[in-house]
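The sequence and the coordinates are shown first.

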Amino acid sequence: LLESMEPPTKRTKMATGDESMTGLFQGYSKVLDGKHDRRERLIKSCRDLTGDAKKLIFLLHRMTAANKEQTLAQAHEKLTSLHKGFCDKIAPEVDGVEYWRHQRSFSPAVQEYIEAFSFLEYLENGTLLTHDKAQKELNKHATGTTLTIDLCDFVLGITDLTGELMRLCVAAVGSGDTETPARLCAFLRTLHTACSTMIHIHREMPKKLGSHG
């Protein structure tokens, strides 16, 4: 009864205010849903890309003198697929401010990618992959937005490379090869010394260097 006694203009203003507030919160809801959907897409894509990078590493561990040429050709095909995957599935999702907002979601996949890429680089050329080369190779496959490889992710991926080289060393010893372990040992010592100078760039560095040191 009291509501019916209120002036029509006041009731109209209240209704208009309620509608605008509802619309405001609906807008917030859409924004939050969009961020959640973006994160879910990133997680799924990164899971697939991480699996592909691991498959590349497994392929390289199976390489022998007899199948080296064929294995390297297959490895480059898989690496190209990884380049395209990051450019097509990750880069568009993390353009601009979205990069740092979602960096923790795709960082592990980038590290695994660098680990696989650097393992191939070492086996093929006997050299350490550089950040500049990794970025340039990735940019070649960008059709629109490019993905910047964060320096911390790159270094963390390189520290993971040491694990693959140690497995390679063990396999060489098992086959009676003594030259490869000696060469790998020298390379790993140099790499460990270099990485030790960057131990403070990321909280994961002490743990990674501790397990590989």
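## Fold, core and helix packing

The structure is a predicted model. In the protein chain, 70% of the contacts with a separation of 6 or more are made by residues 24 or more positions apart. The secondary structure consists of 8 helices and 0 strands, and the order of elements from the N terminus is accordingly written α-α-α-α-α-α-α-α. Of the 213 residues in the protein chain, 38% are buried. The accessible surface of the chain amounts to about 12,700 Å², and carbon and sulfur atoms account for 57% of this surface.

The largest nonpolar core contains 50 residues, among which Phe86, Ile90, Tyr113 and Leu147 touch the most other members. Two or more residues of this core come from each of helix H1 (8-61), helix H2 (68-90), helix H4 (103-125), helix H5 (131-139), helix H6 (151-174), helix H7 (179-196) and helix H8 (205-212). The largest contribution is that of H4, which supplies 11 residues. For Tyr113, the contacts beyond four places in sequence are Ala53, Leu79, Leu82, His83, Phe86, Ala134, Leu138 and Ile149.

For H4 and H5, the angle is about 110° and the axes are 11 Å apart. This pair is therefore classed as roughly perpendicular. On the H4 side, the contact involves Tyr113, Ile114, Phe117, Glu121 and Asn125, and on the H5 side it involves Lys133, Ala134, Glu137 and Leu138. By class, this contact comprises 5 nonpolar, 1 polar and 3 charged residues.

| Residue | Relative accessibility | Class |
|---|---|---|
| Glu121 | 7% | buried |
| Glu112 | 12% | buried |
| Leu59 | 7% | buried |
| Glu40 | 37% | partly exposed |

Is Glu121 buried or exposed? Glu121 lies in helix H4, and its relative accessibility of 7% is under the 20% limit, so this residue counts as buried.

With neighbours within four places in sequence set aside, Glu112 is in contact with Thr50, Ala53, Lys54 and Ile57.

Leu59 belongs to helix H1 and is buried, with a relative accessible area of 7%. Beyond four places in sequence, Leu59 touches Thr71, Gln74, Ala75 and Lys78. The C-alpha atoms of Leu59 and Leu72 are 9.0 Å apart in space, while the two residues are 13 residues apart in sequence.

Glu40 is found in helix H1. At 37% relative accessibility, Glu40 is partly exposed, because this value falls between the 20% and 50% limits. Along the chain, Glu40 and Ser105 are 65 residues apart, and their C-alpha atoms are separated by 9.2 Å.

Conventions. Residues numbered from 1 in each chain as written. Predicted model: local features only at pLDDT ≥ 70, side-chain atom pairs only at ≥ 80, totals over all residues. Heavy atoms only, no water. Helix = DSSP H or I, 4+ residues; strand = E, 2+ residues; numbered from the N terminus. Buried < 20%, exposed > 50% of the residue type's maximum accessible area, 1.4 Å probe, protein only. Contact = heavy atoms within 4.5 Å. Areas by Shrake-Rupley, 256 points an atom, 1.4 Å probe, with all protein chains shown as cover. Core = buried A, V, L, I, M, F, W, Y, C linked by side-chain atoms within 4.5 Å. Axes fitted to C-alpha atoms, helices over the stretch in contact; angles between N-to-C directions. Parallel < 35°, antiparallel > 145°, perpendicular 65-115°, else oblique. Nonpolar A, V, L, I, M, F, W, Y, C, P; charged D, E, K, R; others polar.
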